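The following report describes a single protein chain for a reader who has its sequence and its three-dimensional structure at hand. Please keep both in view while reading.

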Amino acid sequence: MSRPTTLRVLSYNVRSLRDDKAAVSRVLRTADAHIVCIQEAPRYLRWRGKAAALARHSDLIVATGGRPAAGNLLLCHLTVKVHRTAVIRLGARYGKCGAAVAVCSLGGQRFVAVGTRLGPRAGERLRHAHELLARLHEVIRDDSLPVVLGGDINELPSGQAFAVFGSRLRDTFAVSGTGPGETFSATDPTRRIDAIFADRRLQPLRCRVLDGPDVAIASDHRPVVAEIDFGNLRQ
């Protein structure tokens with residue numbers, strides 16, 4: 001069997017599944033991603049069952065996250081092996097912002113998957129972006145592992161939090177984006193506030209924003225999907 005060399009990552013704010021849950025699952029199945037970073041996943045009453053149902057109906061499995069990660073949820077394809085997981089809480093107030101983290105492998109290549117959503121205030125986003133990168137280093141304790149990060153950044157690419165992530169990682173849409181890049185709102189997109197970042201040792205091949213009838217009714221955000229080359233990891 002040939003070793004997979006392309007990692008597909010999807011990032012999607014699903015607005016707590018308050019819209020069309022079946023459409024969300026159809027979008028995820030069609031994207032056929034290896035790693036799915038969900039923001040605003042269910043986090044209150046029966047959140048575990050709702051997360052499990054979302055994964056099951058999308059032909060995915062739950063890796064980590066949910067309420068302990070402030071509504072950030074990592075789902076993965078059956079071909080992905082999850083080795084260990086962590087959640088990161090950002091800021092002093094519990095549950096306000098956070099991240100879901102998993103050390104995974106695809107075809108023998110290990111990597112770190114991170115899903116996050118930053119807050120609505122610029123100063124808060126900047127602090128949390130710095131904090132997330134620092135805490136990620138503490139949690140993983142292995143700089144040899146490449147990182148892919150998907151999130152609702154809640155600001156335009158010209159913003160400071162984008163710049164913080166861009167200082168360590170590459171904005172895959174800026175490098176390899178195709179088609180319109182606006183992600184919000186789903187029905188009338190005018191802003192790109194969602195992104196997938198990749199380790200600078202990885203080569204983004206393609207990044208695009210999904211649209212279509214299901215996207216229009218599934219959430220108020222459009223999902224982003226990136227294809228990343230794992231065949232030639234640069235050291």
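Leaving aside residues up to four places away in sequence, Phe-165 touches Leu-118, Ala-129, Leu-132, Leu-133, Leu-149, Ile-153 and Phe-197. The model in which these contacts are found is a predicted one, and what follows should be read with that in mind.

Phe-165 belongs to the largest nonpolar core, a set of 27 residues, and is listed with Val-101, Val-112, Val-114, Ile-140, Ile-153 and Phe-197 as having the most contacts inside that core. Two or more residues are given to this core by each of the strands β5 (81-90), β6 (97-106), β7 (109-117), β8 (147-152) and β10 (194-199), and likewise by the helices α3 (122-140) and α4 (160-168). The largest share comes from α3, which supplies 6 residues. Apart from this core lies another one, made of 26 residues, and among them are Val-148, Leu-202, Val-209 and Ala-226.

An open sheet is formed by 6 strands, which follow one another in the order β3-β4-β2-β1-β12-β11 with mixed pairing. Its edges are β3 (61-66) and β11 (203-209), each of which pairs on one side only. Neighbouring strands of the sheet are turned against each other by 15° on average, with direction ignored.

Within this sheet, strand β1 (residues 6-13) pairs with strand β2 (residues 35-39) in the parallel sense, over 5 bridges, and Val-9 stands opposite Ile-35 in β2. Helix α1 (residues 21-31) packs on the sheet, where it touches β1, β2 and β4 (72-76), and its direction makes about 165° with that of β1. Helix α2 (residues 47-57), in turn, lies across β3 and β4 and runs at about 145° to β3.

## The largest pocket

Which residues lie nearest the centre of the largest pocket? They are Ser-16, Leu-17, Lys-21, Pro-42 and Lys-50, out of a lining of 14 residues, and the space in this pocket comes to about 270 Å³.

The elements that give two or more residues to the lining are α1 and α2. The largest share of the lining, 4 residues, comes from α2.

## Backbone geometry worth checking

Most residues other than glycine have a negative phi, and most peptide bonds are trans. Against that background, two residues and one peptide bond in this model deserve a look.

Arg-15, although it is not a glycine, has a positive phi of about 50°, and it is found in the loop between β1 and α1. Is Arg-15 buried, partly exposed or exposed? Arg-15 counts as partly exposed because its relative accessibility is 24%, a value that falls between the limits of 20% and 50%.

Leu-17 also has a positive phi, near 60°, without being a glycine, and its place is likewise in the loop between β1 and α1. Leu-17 has a relative accessible area of 10% and is therefore buried, the limit for that class being under 20%.

The peptide bond that joins Phe-184 and Ser-185 is cis, with omega at about 0°.

Key: Residues numbered from 1 in each chain as written. Predicted model: local features only at pLDDT ≥ 70, side-chain atom pairs only at ≥ 80, totals over all residues. Heavy atoms only, no water. Pairing = 2+ DSSP bridges. Axes fitted to C-alpha atoms, helices over the stretch in contact; angles between N-to-C directions. Contact = heavy atoms within 4.5 Å. Core = buried A, V, L, I, M, F, W, Y, C linked by side-chain atoms within 4.5 Å. Buried < 20%, exposed > 50% of the residue type's maximum accessible area, 1.4 Å probe, protein only. 1 Å grid on protein atoms, 1.4 Å probe; cavity = no way out; pocket = protein on both sides within 12 Å on 5 of 7 lines; lining within 4 Å. Points joined across faces, edges and corners; volume = space filled by probe spheres on them.
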